Amino acid sequence: MSDIADQEHDDQLMRELGLADLGFSLMRLEGRVFLRLTGMVEYGGRRYPYDLVPAQGVLAKPSKWRKLDADARAAVLRERASPAVVDELHGHVEAFVQEIADASDDCDLDPQPFLQGLADMQISEPAGMVFDRIRQRLQHAVERDMEEQHAERTRQSINLAEYPASFEVARRIKRKFIALLGPTNSGKTHQAIEALAKAPSGVYLAPLRLLALENYERLQAMQQHGRPLAVSLVTGEERRLEPGATHVASTVEMLDTRTPVDVAVIDEIQMLADRDRGAAWTAAVCGAPAHTVYLVGAPEARRAIEVLAARLDCELEVHVLKRKGPLSMEESPVRKLTGLQRGDAIICFSRREVLMWRDNVTEAGLSVATVYGNLSPEVRRAQAQRFRDGAADVVVGTDAIAMGLNMPIARIVMTTSVKYNGYEEEEIPAALARQIAGRAGRFGVHEEGLVAGFDAETHNVMRSLLREKPVPLKTTGFAVAPTLEHLHRISAVTNEHGLAKLLKRFVHNIDVPDGFFYPRITEDQFERAAWLDMLQLSVAEKFALSLVPISAKVHSLQHAWESWATALAHKKITHLKPENNPVHYMNLQEAEDACRLYSAYAWLAYRQPEHFPDTALALRLSREASERVDAILQDQNSAARKRQPKKFRRR
């Protein structure tokens with residue numbers, strides 16, 4: 001029997017059984033033979049038709065149905081289609097229509113677009129599944145509507161055009177900006193520090209703990225009215241608070257925006273353009289509570305400073321300084337280890353490369369100081385001091401030497417011009433090339449600074465990069481990071497307590513009328529937030545934990561961070577247990593990681609002292625681990641030199 005004839009036979013059977021009069025029809029669709037029941041319900045003055053499959057309405061597969069004779073089919077139809085089935089389904093539809101109509105009304109939505117799905121003849125699933133699908137559609141619509149409401153409330157709660165006004169003390173002070181712009185070795189930082197030391201009170205804001213520490217000690221050695229300056233050091237991981245201090249050396253993120261001072265110095269102002277940390281410089285420029293604010297950095301920041309000063313209605317005075325000594329490319333690359341000289345700085349772009357070059361250079365007969373970003377400020381400073389004192393012939397390091405660490409470098413030797421940017425290997429930007437190269441030729445020590453590539457390709461690339469015209473910083477889109485106040489404000493208007501969603505709303509929903517200030521968060525913070533949202537923590541606790549300066553790429557450090565967060569969620573006190581990993585047994589990697597672990601604990605301890613009480617112990621252990629790192633580096637240098645035959649060693 002053909003499909004058409006079979007369908008006609010079934011239609012005849014439905015009429016004979018009186019099922020068509022009840023509203024039933026027999027259908028074939030999607031490999032099924034099933035019953036449909038049509039009807040109509042009324043609610044709220046509106047009529048809603050339905051055409052649905054009853055709960056037991058799916059009868060069989062077509063192949064099985066064809067094998068049944070007329071009597072067998074009739075028996076199945078009598079069992080599955082009856083007035084009781086009609087009444088049952090009609091009652092379910094009435095209840096469902098009322099449910100959806102009321103829910104739509106509560107959310108100020110029209111129920112018709114959702115309930116029209118009750119009459120979709122292309123659906124062969126039982127009515128219960130259709131109801132669930134419509135509920136999901138309504139839920140998604142409600143969520144979209146709620147999201148739009150929350151987005152609008154977020155926009156109304158934070159307007160970044162008003163960001164400078166959030167710094168109340170700075171707003172009340174008539175501030176003057178003095179920009180000291182110039183290349184490395186132009187004396188700009190020296191000039192700013194001199195002005196800071198002469199002021200009755202002031203703050204120095206550094207991009208690195210190392211620079212904060214160096215200038216803290218530098219200010220301590222200076223005098224005012226015949227007495228040493230009273231100076232405090234404030235970084236995320238350390239506090240050295242001097243009673244009655246008039247001056248503070250601080251990392252830029254630790255700026256105290258509530259205590260007015262006479263002079264503020266914001267170093268490396270070109271960091272305004274930094275992808276991850278630029279927001280700290282935006283906040284410092286907008287919020288430094290000083291009558292005079294020195295903006296110190298590269299000349300390419302000039303236009304950005306000018307537009308910021310205009311936006312903040314601050315007087316601006318610009319001084320462009322020139323390098324105190326010439327900087328020149330060597331005529332040819334170094335090519336061989338024997339071409340290296342005392343006073344050279346050999347630059348690599350990873351810890352692994354630094355240690356490899358350190359060993360090669362040492363075995364070639366030169367003593368080496370080692371500097372790279374993974375080292376603590378104390379170790380970097382100790383290694384730099386060995387070079388300054390002449391105990392090391394050369395320094396092998398990363399671009400960490402480009403910011404701070406004043407050393408008497410005669411020549412910069414680049415081992416490569418390619419650096420991993422967090423996503424891929426790429427040629428270093430001209431600005432970084434200039435900053436690294438500028439470390440050569442310390443004024444008062446060398447007549448000029450020299451730059452060379454170790455190989456011909458690097459040499460030629462560096463020559464080209466140093467000839468490039470500096471690209472000015474952008475004059476809009478200055479980064480603004482979320483504060484806890486921002487997140488609490490968004491939470492209050494949206495009733496959202498998940499940190500990841502709050503950060504997402506900050507980035508995507510707050511009002512940025514002209515794009516002059518723009519919201520930014522780091523990927524690391526967002527990834528941490530998503531993990532922290534699984535714990536029972538307050539928004540403030542999650543926010544603090546999301547900012548802990550610890551590397552997620554090192555398993556032991558990530559594990560420690562997770563254990564701290566979990567302990568805080570359970571309101572447990574976390575003590576340090578140094579006896580589990582004695583410092584004197586650590587290898588280099590372990591000692592470096594220990595430095596970072598103890599520093600991160602100290603950072604958190606300053607913010608959650610009741611749950612992380614071992615601040616003093618963390619600082620002591622960090623210093624001990626730093627001393628261990630420095631000792632290991634010196635031992636490795638000595639061991640490498642001993643492998644070199646005496647006749648090849650340089651004195």
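Which residue in strand 11 does V234 stand opposite? In this predicted model, V234 stands opposite S250, and local features need pLDDT of at least 70, side-chain atom pairs count only at pLDDT 80 or more, while totals for chains, interfaces and linings use all residues. Residues are numbered from 1 along each chain as its sequence is written, and side-chain values use heavy atoms, with hydrogens and water left out.

**Strand 9 and its partners**

- Strand 9 (residues 231-234) is joined by four bridges to strand 11 (residues 247-251), and the two run parallel; strands are DSSP runs (E, at least two residues), numbered from the N terminus, and two of them pair if DSSP finds at least two bridges between them.
- Two bridges join strand 9 to strand 10 (residues 239-240) in an antiparallel arrangement, where L233 has R240 as its bridge partner.

**Helix 8**

- In helix 8 (residues 188-198), the residues K188, A192, I193, L196 and A197 are buried, a helix being a DSSP run of H or I with at least four residues.
- The buried residues of helix 8 fall within an arc of 165 degrees when seen down its axis, so they line one face of the helix; the arc is that of the directions from the helix axis to the C-beta atoms.

**Cysteines**

- C348 counts as buried because its relative accessibility is 1%, and C595 counts as buried at 3%.
- The structure holds zero disulfides, a disulfide being a pair of cysteine sulfur atoms within 2.5 Å.

Technical notes. Buried < 20%, exposed > 50% of the residue type's maximum accessible area, 1.4 Å probe, protein only.
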